[in-house]
Structure formats: structure tokens, C-alpha cells
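Please open the structure in your viewer and keep a selection panel at hand. The tour goes from one selection to the next.

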Amino acid sequence: MGNLRDIRRRIKSVKNTSQITRAMQMVASAKMRRAQDQAVKGRPYIRALAEVLYHLQDEIDTSNSPLMQTHGGADLVLLVNTDRGLCGGLNANLIKMVREQAPENAHYITIGRKLNAALAKLNERLEATWSLTDPLSLLELKPVFDFIVQKFKAEEYGRVFVAFSSFVNTMVQKPVFRQLLPIEPEPLMNMAKAGGSSLDGADAHKQFLLEPSPAALLDTILPLYVFHGLVQIVLEARASEHSARMVAMKGATENAKNIIGGLTLDYNKARQTQITNELLEITTAMRAME
């Protein structure tokens with residue numbers, strides 16, 4: 001009888017867990033659709049900015065633009081992770097990529113706190129960390145942008161990298177590690193081409209009439225490009241997080257159902273064994289009374 005009670009308790013416990021994972025799956029699914037739409041809709045804008053900057057960088061001397069200058073200083077890595085877990089291997093894959101590709105002795109800042117403990121275990125230097133609300137407010141990214149740009153212009157950091165999970169589809173989230181500052185022409189060209197723009201040919205730059213001067217446009221668009229690049233990175237990371245959590249919770253719910261099925265089968269077998277034993281005892285007692 002004790003064995004039956006234990007099995008019933010386990011079935012009840014797994015059912016409660018299944019209800020929780022099912023609820024989390026539904027919440028993540030709703031957030032995932034919104035985050036995916038925001039990430040996909042933001043891509044054409046950042047690609048258009050990249051195309052404009054690619055055309056402008058040939059018109060003027062880039063040494064006049066602080067955000068495109070190369071100088072000495074330590075390396076800074078912006079690590080965009082999550083504040084909560086239960087999202088499969090998303091954060092594990094991200095920190096693995098950072099360990100493989102990040103420069104030695106780099107300083108770190110993070111958006112999301114889940115990987116702060118992992119950085120501490122690796123004895124990495126964490127300068128600052130931020131937690132952002134969901135859905136994202138653009139004003140929340142302003143302190144992150146100001147920190148990066150001011151430190152870079154002050155030449156405290158010579159290069160700034162960013163590591164995040166890029167959204168591919170609901171089942172696939174790709175960890176990405178790339179340079180954010182200084183801005184280089186080749187990544188701009190690659191990003192613009194990714195949007196379907198053709199930048200080849202001698203007449204490519206003649207398609208644009210620049211008002212006011214190229215230098216004035218560059219001073220305005222470069223910070224805009226960096227800021228909205230950060231926005232797009234966070235949107236990609238959010239879409240990846242909610243997709244990974246929805247898939248993980250769906251898998252957990254299905255596993256819970258399989259466990260309940262196995263426990264129910266064990267319960268029925270144990271119950272049948274108990275009934276058989278009781279019938280044998282009754283039959284034996286009747287035989288003894290004859």
C-alpha cells in the first residue's frame with residue numbers, strides 16, 4: 001500500500017510540474033511572436049543605415065570620425081544574455097563562443113545577469129551590468145550606449161565587441177561574436193548587401209545626393225547607427241530567448257506527460273498485484289476454514 005501511495009504522490013507532483021511548464025510555454029509563445037516581429041521588422045532599417053554609411057565613408061576622411069578611428073586601449077565585450085533561465089542551451093552556447101573568440105584580458109559589460117556568475121568563475125573583469133524590461137524601451141538602452149561610446153572616445157577601450165544570440169527561426173538561435181567599434185567599411189558593406197542592396201560598380205556612389213555635407217551627415221548617422229545597432233542586437237537576443245524558452249518548456253511538458261504515462265502504468269501493475277494478493281489471501285483463508 002505504501003508503494004501505491006508513493007506512486008500517486010509522484011504522479012501528482014509531475015502533473016503539477018506539467019501544468020507549470022505548460023503555462024510557461026504559453027507565456028513564452030505569446031512573447032516570442034511579438035519579439036520575432038520586432039526583430040524581423042528592425043533588420044531593414046539597420047541595413048539601410050549601413051548602406052548610407054558605406055557610401056559616406058568613401059566621401060570623407062574617416063580619421064575625422066571618432067567612432068571609426070583605431071587606437072590603443074583594452075578590449076571591451078558586451079555580452080547580451082538573459083535575466084532568467086529555463087531557455088535550453090542558449091546561454092551555455094553563448095558563453096562557450098565567448099570563451100573561444102573573445103580577446104584575452106578583455107573587460108566585460110552585460111545586458112542580462114544570468115551569465116555574470118559564469119564570468120566570475122572565469123575570473124573575467126565585469127565593469128557594468130544592466131537589466132532591461134520586456135517589452136524593450138529604447139530609453140533603457142541609452143545608458144549602455146553612452147557608456148560604450150564615451151569610454152571608446154576617451155580611448156579607454158581600443159575595440160568594442162558584442163556577443164549575442166541571433167534569431168534564425170523558432171528552432172535555431174545562432175550565437176554571434178562581432179566587432180561593434182571602431183566601425184569598419186567591410187562589415188557595413190556585408191550588412192548592406194544582406195538586405196539585397198547592390199554596392200558594386202563605378203556608379204554606385206553617384207546614386208546619392210548628399211545634403212548637407214558628407215562630414216555633417218556622418219557625424220549624425222554614425223551614433224544613430226551604433227545606437228540602433230544595439231537596439232537590433234537586443235531585439236534579436238529577446239526573440240532568441242523567448243523561442244528557446246518556448247521550445248524548452250514544450251519539451252519539458254511532453255517529457256512530463258511521458259513520465260505520467262509510465263507512472264500510471266506502474267501504478268496499475270502495482271494495484272493489480274495488490275488485488276491478486278488479496279484474492280489469494282481470501283481464497284487461502286476459505287480453504288483453511290473448510
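Which side chains does a polar contact of 3.0 Å join? Select aspartate 75 and arginine 159, whose side chains are joined by that contact, where a polar contact is a pair of N or O atoms within 3.5 Å and, within protein, one must be able to donate a hydrogen and the other to accept it, residues adjacent in sequence counting only if both atoms are side-chain atoms.

This is a predicted model, in which local features need pLDDT of at least 70 and side-chain atom pairs count only at pLDDT 80 or more, while totals for chains, interfaces and linings use all residues. Residues are numbered from 1 along each chain as its sequence is written, and side-chain values use heavy atoms, with hydrogens and water left out.

Stay on aspartate 75, which lies in strand β1 (residues 74-80), strands being DSSP runs of E with at least two residues and helices runs of H or I with at least four, numbered from the N terminus. Aspartate 75 is buried at 13% relative accessible area, whereas arginine 159 is partly exposed at 34%; buried means under 20%, exposed over 50%, and partly exposed in between (1.4 Å probe, protein chains only).

The pair also forms a salt bridge, defined as a side-chain nitrogen of Lys or Arg within 4 Å of a carboxyl oxygen of Asp or Glu. This pair links distant parts of the chain, arginine 159 being in strand β4 (residues 157-167), 84 residues from aspartate 75.

Next, select lysine 142 and aspartate 146, which form a salt bridge with closest N and O atoms 3.0 Å apart; because they are four residues apart in helix α4 (residues 142-153), about one helical turn separates them.
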